[in-house]
Amino acid sequence: MEISPTVSVTSIQALLDDAYKKRVNDLKTSIKLAEEALQLSKELDDKACIGKSLSQLSLFHMIIGDFDLSINMANEAIENLEAVNDEKGIADAKYTIAGALYKTDDYNLGLTYLLGCLATYKKLEDYHNKARVEKSMGTIYEFFGDVDSAVKIYQASIESGEKAKDLNLQSNAFNPLSGIYLNQGKVKQAMELIEKSIAFKKKTDDVRGLAFALYGRGKVYTHTKEFDKAEADFMESERIHQEMGEKLGLAMCYHKRGALYIKMGRLDEAEEILVKALEYSNKNRIILIKFRANLLLHDIAKKRGDHELALKYLQQYIDEKESVINDRTAKVIESYDVINKMHLLEQDARVQKEKADIIEQKKIELDSFFYRISHDLKGPITSLMSLNYVAKLEVEDETALKFIDDYEKQANRLNTILDGLINLTKMSFNEDAKQEIDFEKIIYDCIASYKFLSNYERVEFKIDVEPTIKYEAEWALVNTIIQNLIENGIKYARVEENKPYIAIKVAEKDGNIVVEASDNGIGMDEETVSKIFSMFFRVNRKIEGTGLGLHILKRAAERLDGEVTVESKLGEGSTFKITLPK
């Protein structure tokens with residue numbers, strides 16, 4: 001291939017620099033320039049230039065919401081950049097992957113990438129990119145409900161932006177900070193900060209950033225009931241997002257404009273824009289807007305007296321919300337675990353213990369957070385279940401009763417999940433006095449407590465407890481282990497078998513207490529066995545459950561310094577072995 005004499009690494013870099021500058025007000029041109037740079041890089045057969053061009057293209061496609069294409073391009077960029085050991089270039093591409101992940105709701109993996117990027121940018125003293133990463137991490141913390149950490153890292157992002165002498169980077173963190181202040185009732189502070197952001201965006205001609213700042217001011221105007229001003233800001237923000245191809249920003253505007261119209265009493269317009277938000281979010285995998293739009297549509301139907309439609313939207317909201325709560329709860333724990341591991345990697349031997357203590361405290365704080373949240377939700381859920389009972393007494397329409405029954409099932413399921421979370425977090429806080437454990441009594445008591453399960457009458461229980469066992473421990477933890485073993489065995493019994501059984505054996509071996517539970521139930525393949533202790537994982541979704549039982553069992557065993565092993569074969573049964581040191 002004949003290469004133009006004007007093509008050089010310098011000319012390609014100039015194209016990429018121009019493309020990056022134009023991203024704030026002309027993304028289409030940015031993409032064209034980056035594509036041109038990629039083509040020239042391939043002609044030059046320069047891996048560093050190919051990697052940088054792909055990385056920049058992936059960033060632009062992430063911004064407009066082409067997430068799959070963005071991730072593929074970023075991974076291809078990393079392959080080229082690793083070949084030339086471009087540490088900063090690799091971090092840039094990983095930052096883009098992180099953005100695509102957390103914008104499509106994979107916060108855990110997104111945070112993992114961001115932490116790696118942050119370490120690289122700190123090392124290189126790259127304050128420009130450090131500010132970008134810190135702002136993204138703030139978004140994730142805010143979603144987790146960890147507002148204090150979000151505020152701290154947004155402020156760190158502003159400081160990094162100041163060191164980089166970049167007004168856009170500073171104002172990018174102003175927007176979410178303003179939203180936090182608004183939620184805290186600091187309305188004046190929220191307005192001052194968002195006005196400052198708008199001024200910075202106009203000064204730097206950051207059109208895309210201006211759209212997000214106008215959206216933020218629209219929220220403040222909605223709060224102060226200056227509805228006409230709020231509508232004007234949302235509409236202008238929408239127009240810019242539409243023009244720039246910013247999908248997440250557009251969905252956010254649709255949702256907030258719908259909420260505004262409800263407050264203004266313009267229900268027809270509210271319904272129209274919220275249905276649009278729902279369809280757009282479904283198409284572009286924007287889960288957060290999906291369930292919020294369903295809730296507002298439920299409110300509209302309720303105001304109109306259309307109870308059947310209201311129940312439909314409420315059901316959709318509950319289904320979406322439950323999946324988000326379950327998934328996000330697990331990912332919050334996983335993500336904080338990632339942070340803890342990153343902290344450990346950064347420590348030298350002299351400070352390991354001190355840092356480990358801090359991490360342990362963070363784990364306690366996280367458990368405390370779940371404990372409080374679970375208890376806070378119990379009251380409203382109990383009230384909803386009571387209201388549901390009253391509704392069944394008052395309502396006679398069969399269609400409505402069907403919706404009420406569906407609603408009751410979901411409310412009961414959520415209540416069961418909350419009970420599981422409360423039991424899980426109690427293990428971190430409550431430390432009961434040790435007492436001598438009567439394994440045989442616990443086993444028979446637990447068996448009796450599950451008489452209500454549908455498979456119970458068909459299952460034969462075989463109990464073998466060594467009579468000479470002496471073991472002292474917290475009774476509640478041992479009971480939790482036995483209880484979950486028995487419940488699991490009953491639920492997953494193969495009732496079509498002539499003699500489904502659960503055999504529980506407790507013996508002392510090599511100074512340990514070994515509890516072994518075997519069954520001839522449905523069994524599991526290797527892949528399933530590797531996942532069963534994950535929070536909210538369910539072996540079979542047709543069987544009623546929360547996916548918390550085995551996770552709680554494992555946590556209880558760990559509290560007793562024990563371990564759990566599993567052997568299973570699909571279609572033949574499973575054996576759980578819990579080894580507890582004396």
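The legends below describe close-up views of a predicted model.

**View 1. An open sheet of 5 strands in the predicted model.** The strand order is E2-E4-E5-E7-E6, and the pairing is mixed. Strand E2 (460-465) and strand E6 (563-569) are at the edges; each has a single partner strand, so one side of each lacks a neighbour in the sheet. From one strand to the next, the twist averages 10 degrees.

**View 2. Pairing of E2 with strand E4.** Strand E4 covers residues 501-509, and E2 pairs with E4 in the parallel sense over 6 bridges. Lys462 stands opposite Ala503 in E4.

**View 3. Helix H2, residues 27-44.** H2 has 18 residues and spans 25 Å from its first C-alpha to its last, close to the 26 Å expected at 1.5 Å a residue. Just after H2, Asp45 has a positive phi of about 55 degrees.

**View 4. The buried residues of H2 and the helices they pack against.** Buried in H2 are Leu27, Ser30, Ile31, Leu33, Ala34, Ala37, Leu38, Leu40 and Ser41. The partners of these buried residues are helix H1 (9-22), helix H3 (47-63), helix H11 (207-223) and helix H12 (227-244).

Technical notes: Residues are numbered from 1 along each chain as its sequence is written. This is a predicted model: local features need pLDDT of at least 70, side-chain atom pairs count only at pLDDT 80 or more; totals for chains, interfaces and linings use all residues. Side-chain values use heavy atoms; hydrogens and water are left out. Two strands pair if DSSP finds at least two bridges between them. Helices (H or I, at least four residues) and strands (E, at least two) are DSSP runs, numbered from the N terminus. Axes are lines fitted to C-alpha atoms, for helices over the stretch in contact, and angles run from 0 to 180 degrees between N-to-C directions. The expected span of a helix is 1.5 Å times one less than its number of residues. Buried means under 20% relative accessible area, exposed over 50%, partly exposed in between (1.4 Å probe, protein chains only). Contact means heavy atoms within 4.5 Å.
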